[in-house]
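Visitor: Could you take me through this structure slowly, and tell me where each term comes from?

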Amino acid sequence: MWAFALLVTLAGAAWWLTPPRLAGAVSVPTIPDDIDGWLAESEWAASAEFALIPGTEKRVRWQEPGVRTRYSVVYLHGFSATRQEIAPVTERVADRLGANLFETRLTGHGHGRLPMHQVRAEDWLADGAEALRIGASIGEQVIVIGTSTGSTLALALADHDLMQQVSALVLISPNMAPADPKALWLTRPGGPLLARLLAGDTRSWTAHNSEQERYWSTSYPTDATVEVMRLVDRAARLARNPLSQAVLMMLSPQDSVISPQTARETFDALDAPHKELIEVSNSGDPSKHILAGRILSPETTDAVVDDIVRFVQASVPPER
């Protein structure tokens, strides 16, 4: 009798600690005409609470202040990173396309204190929807570039109304499954509790250089990784549906952060009007995950920029 009661109690606890499936309904803010002032005010409030690291704030980079461009580029950075992640790739892509650029800062990121504090995957969906809204307000044809979990976020918004204004998705090292298959248990019954028991309340890792140490969060609550996997789960489900956007996926077969095989399988299954997969095997990043940018892989930046610009120009003509 006691054994049965214990079994029922454990099963109930496991069910109660199972994170809910991530839904896609998120509110979208009204973007005022003074986008720069509006962003500055919201980031000032975030900095007052969390001491934002300079250079991580949300920003619009205009070709000409206040003037809408034919293309706009929206950048969604990866988990624990910031907009510096692959810089200056997005700036150079935007300049080559004559596009305005919006680089977001996902909730919990860029914090000088309390990084990833009480974040939820729902927060990141809201951040993504805000980014899409801003992208549509500053350009006619939106090009979304995401790195790692930023790519996951883009696909997790695939069924959002705002995605209809997006012409192309550039998915760099997309996190469709982490390299460690044990992470898949995080969204299963008792997963969050198991993660805390095995990994503790905090996850920490060592940066490859001082700039990565500055612009990435190298220590954060273990619970935040559960939220990443909730986003991965939603993205994997929506990736099975037809997409109206052209899709460029870029990955390294040697990536030790995400599963390249799962990313490739996702690409093969994508139903998109135009899609292309490019392997980047010579990234300078020791983890082969960040495929370009001055911080971890400057030697591949030119080639990655060229490939993105070529893809956009071929698949998203100026007048679609």
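Predicted model: local features only at pLDDT ≥ 70, side-chain atom pairs only at ≥ 80, totals over all residues.

Visitor: What makes S2 and S3 a pair?

Guide: The threshold is again at least two bridges, and 4 bridges join S2 to S3 (residues 100–103), therefore these parallel strands pair as well. One of the residues involved is Tyr75, whose bridge partner in S3 is Glu103.

Visitor: Why is the unit made by S2, helix H3 and S3 called right-handed?

Guide: The β-α-β unit of S2, H3 (residues 89–97) and S3 is called right-handed because, with the strands pointing away from the viewer, the path from S2 over H3 to S3 runs clockwise.

Visitor: What makes S2 mostly covered?

Guide: A residue is buried when its relative accessible area is under 20%, and 7 of the 8 residues in S2 are buried, so the strand is mostly covered.

Visitor: Which residues touch the most other members of the largest nonpolar core?

Guide: Of its 53 residues, they are Val60, Trp124, Leu125, Val144, Leu153 and Leu169. Helix H4 (residues 121–138) gives the most to this core, with 9 residues. A second, separate core has 36 residues, including Tyr71 and Phe311.

Visitor: Which residues is Val60 in contact with, leaving aside its neighbours within four places in sequence?

Guide: Among them are Ile35, Leu39, Leu101, Phe102 and Ile134.

Definitions and conventions:
Residues numbered from 1 in each chain as written. Heavy atoms only, no water. Buried < 20%, exposed > 50% of the residue type's maximum accessible area, 1.4 Å probe, protein only. Helix = DSSP H or I, 4+ residues; strand = E, 2+ residues; numbered from the N terminus. Core = buried A, V, L, I, M, F, W, Y, C linked by side-chain atoms within 4.5 Å. Contact = heavy atoms within 4.5 Å.
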